[in-house]
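Biologist: I am new to this structure. Can you take me through it in short steps?
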There are 2 protein chains.
Amino acid sequence: MNSFKVSLAQFSPFVGNLEANVQRMIGLANEAKQQNANIIVFPELSTIGYPAEDLLLRPSLSKRTASAFEKLAEVKDIVMVFGFVNQADSGARYNSAAVMKDGQVLGIYNKQNLPNYSVFDEKRYFAEGHQHLVFEYLGHKFGVLICEDVWTLESVQQLAKLNVETVLVLNASPYEVGKPQHRVVTLKELAKQLNLNLVYVNQVGGQDDLIFDGTSFVVNANGEVVLEAPSFKEDLFHVEYEAELKSFKAATKAPALDTIAEIYQALVLATRDYVQRSGFPGVILGLSGGIDSALTLAIAVDAIGADKVQAVMMPYTYTSQISVEDATEQAKRMGVTFGIAEIHPIVNSFMQTLHPFFGNSPADATEENLQARARGTLLMGLSNKFGNLVLSTGNKSELSVGYCTLYGDMVGGFAVLKDVYKTIVFELAKYRNSLEDTPVIPERVITRPPSAELRPDQKDQDSLPPYDVLDAILYAYIEEDQSLEDIISKGFDRDIVTKVIGLVDRNEYKRRQGAIGPRISSRAFSRERRYPIVNGWKAGV
Amino acid sequence: MNSFKVSLAQFSPFVGNLEANVQRMIGLANEAKQQNANIIVFPELSTIGYPAEDLLLRPSLSKRTASAFEKLAEVKDIVMVFGFVNQADSGARYNSAAVMKDGQVLGIYNKQNLPNYSVFDEKRYFAEGHQHLVFEYLGHKFGVLICEDVWTLESVQQLAKLNVETVLVLNASPYEVGKPQHRVVTLKELAKQLNLNLVYVNQVGGQDDLIFDGTSFVVNANGEVVLEAPSFKEDLFHVEYEAELKSFKAATKAPALDTIAEIYQALVLATRDYVQRSGFPGVILGLSGGIDSALTLAIAVDAIGADKVQAVMMPYTYTSQISVEDATEQAKRMGVTFGIAEIHPIVNSFMQTLHPFFGNSPADATEENLQARARGTLLMGLSNKFGNLVLSTGNKSELSVGYCTLYGDMVGGFAVLKDVYKTIVFELAKYRNSLEDTPVIPERVITRPPSAELRPDQKDQDSLPPYDVLDAILYAYIEEDQSLEDIISKGFDRDIVTKVIGLVDRNEYKRRQGAIGPRISSRAFSRERRYPIVNGWKAGV
């Protein structure tokens, strides 16, 4: 029996780019060797990245995977455990892990439990495996599991019964609030219960709307957590097994983040990866003087640097002087490129052109939408001309009830706050301000009542219930799937609940055309909440 | 042994609206009784409609289903076979069929084969059944299957071994070109092979991007097709079983449609159902003088009537006089509301506002997009003011390569030609013109070279290969999943193929924000082709 060292590659793959991923994996393996590691463990499906969606169905994938294996085979003197797509001769496709040493494949494991709920569609792509994988190395007995497997008691028990000492778990487990803590708390109990050491390695990085937080960890069979990697950071972490003590030695312990800091960092990572991996030189956004765009700007700057961020204020008749001042001030404090473009002439030209059609019909949301669409078109013009990605600034409360303009403030390629309720937007803004002596977001942006400023003296609360009430109703309906009557029975006003739920249902068409944005909740729109647009379901029944 | 009569309810459910569906089902059952039918068969999941997506996860569904059963139980003197969501006490949810007579449930069948590929996600919602259902009525032995089951030989054989005489198959089988014919041809062979009569009842109607064509049929055990219901039409069809002859008597035979007529009718149905079930009073679209908007206009008129259709021509400097003439002429011929709105002042105001930012940078696609977005905003303004749905007019060739402007010509709630390649657009326009002595689409719209008219003397073919070449490459890449090298080896130019595939890959973000539109192919965008936006896959490898 020997002591040994395991490296956890908390790796951020580029989805679909097997060549780049393999190259990086080889680099990490060599780095691990320099640290005298005996084994390196990569995340689930590390060669292609997660989720690769219908790229998994492309016929050339097996050729690409074969070429990945050839390259990985050149790494010597370390055991590599990595994820790949296993295309069997039968035609079946598996979500698999390979154990490779000195170019030899010592074993292959096919994932047994395929999640097909929430954001997962693994049964669209993969067949289920039916066999465990156990291997001995340096006198130690290892088992291998992939993500959902470790949450399935029978699959872990299978390994315990075979006297496995340490289970290597390859994961691509997406972030949601509280999930990093939940994994550790639950799996340390499991480790104790089954008397197994667990080495949990998670993918890190933003991929479209999903954020992988990493937060890899190692727990001993007695339930002691010996390694906790930081969240949202790509790196290699090491842990040593002491044969005498029959356990892993205490190693890195990243300090736990509080919820708001965790969400903030998640959004920064998601934004950075989206922008950089899409190849944009920078971003542009409309800065209104309101809190959503203020927070989005701060996140953008923290994600890619002030020199790559352009903000534009686009005032109209209903824009208050305060808004212009605050936007200007924030742009200055953050050091981003800033410009002002008045939209009066544009809105007027639309109004004049539409006059023969509109006649004397009274003003309504149409005229408000024209302002928003003039701004959206200006942002897209600047984006088209200089190549920067437009960040959309709407929050989850607005998108839920459709308090936003399609092709107006909804334009953009990435909606940073898409899954963030307005009440959390406030918390995030305060958190960001707390990080520096001079708050980057002017205090007034946080304290004044929210307004879309699309008509005189407009306040959000003229059209919507107060945000604490609105968000509570939305959370109950969206995240908790509660019915109209359930929610009313919690003490909310019947008319308000009926109105809010009706708005959520009616605005599916708007959300469907909105930009993607990072998922931080347990029920994000689009990939996770799949509602028909044409839909006769009546919430009240 | 008795003779008996079966009614096939080629039914168009309103997805999610169980109350309305059940009421209509009761009406159809009563109508069948008046025709002396002994049995009425409804489509798959007829109570809630298909696909109900995440509405299937709502906790109140079981209560709603129970109430549907109560109402259906009031129907007497006819056997009803209908689809419903069966929520077992174990918590498992099944895609099921009930056999009900005089308020008694004679049997329940849980679908055994759950499709989870292409447009289907049934494993997200349902557990697999493991038992057949056979029932005797009027001395005849019936079996029940649901959709995918009848394409799974073992499931049908199971019934044959039990000496079932007639299999009632409940379906929600979405349309694609050639599918109606394929079903009949394949299943009549199966009927012969297993010596079973098949009664195949399919849902009809548009549901978001899916079209259900109906085209229900009955085939005798000798392979003789005795009933062929028309496609795209909701109705009740009847077939009589003659005990003496031990077979069904010949009944309705709708004439077969040729491919182009079939596609045209599919698009009309999809448009009508989307508009009407979303509750829009009418539609509006931009009429450019080009063939895409001309065809979209014709489909809209055929779907909901000229009195509910508004067309707007929005000329700019690069709009030819021919375009204005042809658009005006078509609007007149079709009898729709028509208006002209020049966009010069709007485009100028955008250019002036952007000038301080653009400086003297040369004109590029930015300026073209401004024209398209001015038009999009005008259409949305008219839509907001009067409530009509904007129909988007882009075709599949354009959307594939991104030859369209996000928030410009892409605005709209329903993209009628989204899954129709440009070469088919021409065929459809000619087909529509062939239906009347005076062609509704001016001949010149079909014969002149396509142009977006966004810069002087622009032709589509300046930027794209000729449409027959483009569409062939797109079809190979999208529908057939061929690789770059596969396509080149068919004789296409390497540079052109590389360019086209690159454009398809890069424009996923644009398509993701586009309107939904009816699926007619075997690989439509969105629900069926799920690609990551951030994506490092290189087609050329």
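Biologist: How many bridges join β9(B) to strand β12 of chain B?

Modeller: This is a predicted model, so read every value as computed from it. Strand β12 covers residues 217–219 of chain B and runs antiparallel to β9(B). Within this pairing, B:Tyr200 stands opposite B:Phe217. The number of bridges joining the two strands is three.

Biologist: In which sense do strand β8 of chain B and β9(B) pair?

Modeller: Strand β8 spans residues 166–171 of chain B, and six bridges link it with β9(B). One bridge puts B:Val169 with B:Tyr200. The sense of the pairing is parallel.

Biologist: Through which helix does the chain cross from β8(B) to β9(B)?

Modeller: The path is a β-α-β crossover, and it is right-handed. The helix on the way covers residues 179–194 of chain B. It is α5.

Biologist: How many of the six residues of strand β9 of chain B are buried?

Modeller: In a regular strand, side chains alternate between the two faces of the sheet. On one side of β9(B), B:Asn197, B:Val199 and B:Val201 are buried; on the other, B:Leu198, B:Tyr200 and B:Asn202 are buried too. The strand is therefore largely enclosed by the rest of the structure, and its count of buried residues is six of six.

Biologist: Which strands stand at the edges of the open sheet in chain B?

Modeller: Seven strands make up this sheet, in the order β5-β4-β3-β2-β1-β14-β15, with mixed pairing. An edge strand has a single partner, so one side of it is left without a neighbour in the sheet. The edge strands are β5 (104–110) and β15 (247–248).

Biologist: Which residue stands opposite B:Asn86 in β4(B)?

Modeller: Strand β3 (residues 79–87) and strand β4 (residues 93–101) of chain B pair antiparallel. Nine bridges hold that pairing. The residue opposite B:Asn86 is B:Tyr94.

Biologist: How far apart are the end C-alpha atoms of helix α8 of chain B?

Modeller: Helix α8 of chain B has 14 residues, 321–334. At 1.5 Å a residue, the helix should span 20 Å. The model agrees, because the end C-alpha atoms are apart by 20 Å.

Biologist: What covers the buried residues of α8(B)?

Modeller: The residues in question include B:Val324, B:Ala327, B:Ala331 and B:Met334. The cover includes, from chain B, α7 (291–304), β17 (309–313), β18 (337–340), α12 (422–434) and α13 (443–447).

Biologist: What kind of axis relates the two copies?

Modeller: A rotation of 180° superposes chain B on chain A, with 0.0 Å of shift along its axis and an RMSD of 0.0 Å. The two copies are thus related as by a two-fold rotation axis. In chain B, the residue closest to that axis is B:Gln513, at 2.1 Å by C-alpha. So the answer is a two-fold rotation axis.

Biologist: Which three residues supply 12% of the area that chain B buries against chain A?

Modeller: The contact takes 90 residues from each of chain B and chain A. Between them the chains bury about 7400 Å², 58% of it on carbon and sulfur atoms. More of chain B's share comes from this trio than from any other three residues: B:Arg58, B:Val534 and B:Trp537.

Biologist: Which residues of chain B does A:Gln207 touch?

Modeller: A:Gln207 is in strand β10 (residues 204–207) of chain A. Its relative accessibility is 2%, so A:Gln207 counts as buried. Leaving out residues up to four places away in sequence, its contacts include A:Tyr50 and A:Pro51. From chain B, A:Gln207 touches B:Pro532 and B:Val534.

Biologist: Is the peptide bond from B:Tyr50 to B:Pro51 cis or trans?

Modeller: Most peptide bonds are trans. B:Pro51 lies in the loop between β2 (39–41) and α2 (61–72) of chain B. Omega from B:Tyr50 to B:Pro51 is near -10°, and the bond is cis.

Biologist: Is B:Glu53 buried or exposed?

Modeller: B:Glu53 also lies in the loop between β2 and α2 of chain B. Its phi is positive, about 50°, although B:Glu53 is not a glycine. The relative accessible area of B:Glu53 is 12%, and the cut-off is under 20%. So B:Glu53 is buried.

Note on methods. Residues are numbered from 1 along each chain as its sequence is written. Chains are lettered from A and ligands numbered from 1 in the order in which they are written. This is a predicted model: local features need pLDDT of at least 70, side-chain atom pairs count only at pLDDT 80 or more; totals for chains, interfaces and linings use all residues. Side-chain values use heavy atoms; hydrogens and water are left out. Buried means under 20% relative accessible area, exposed over 50%, partly exposed in between (1.4 Å probe, protein chains only). Helices (H or I, at least four residues) and strands (E, at least two) are DSSP runs, numbered from the N terminus. Two strands pair if DSSP finds at least two bridges between them. A crossover is right-handed if, with the strands pointing away from the viewer, the path from the first strand over the helix to the second runs clockwise. Copies are superposed by least squares on the C-alpha atoms of residues with pLDDT of at least 70 in both. The expected span of a helix is 1.5 Å times one less than its number of residues. Contact means heavy atoms within 4.5 Å. Buried area is the accessible area (1.4 Å probe) that two parts lose on being put together, summed over both.
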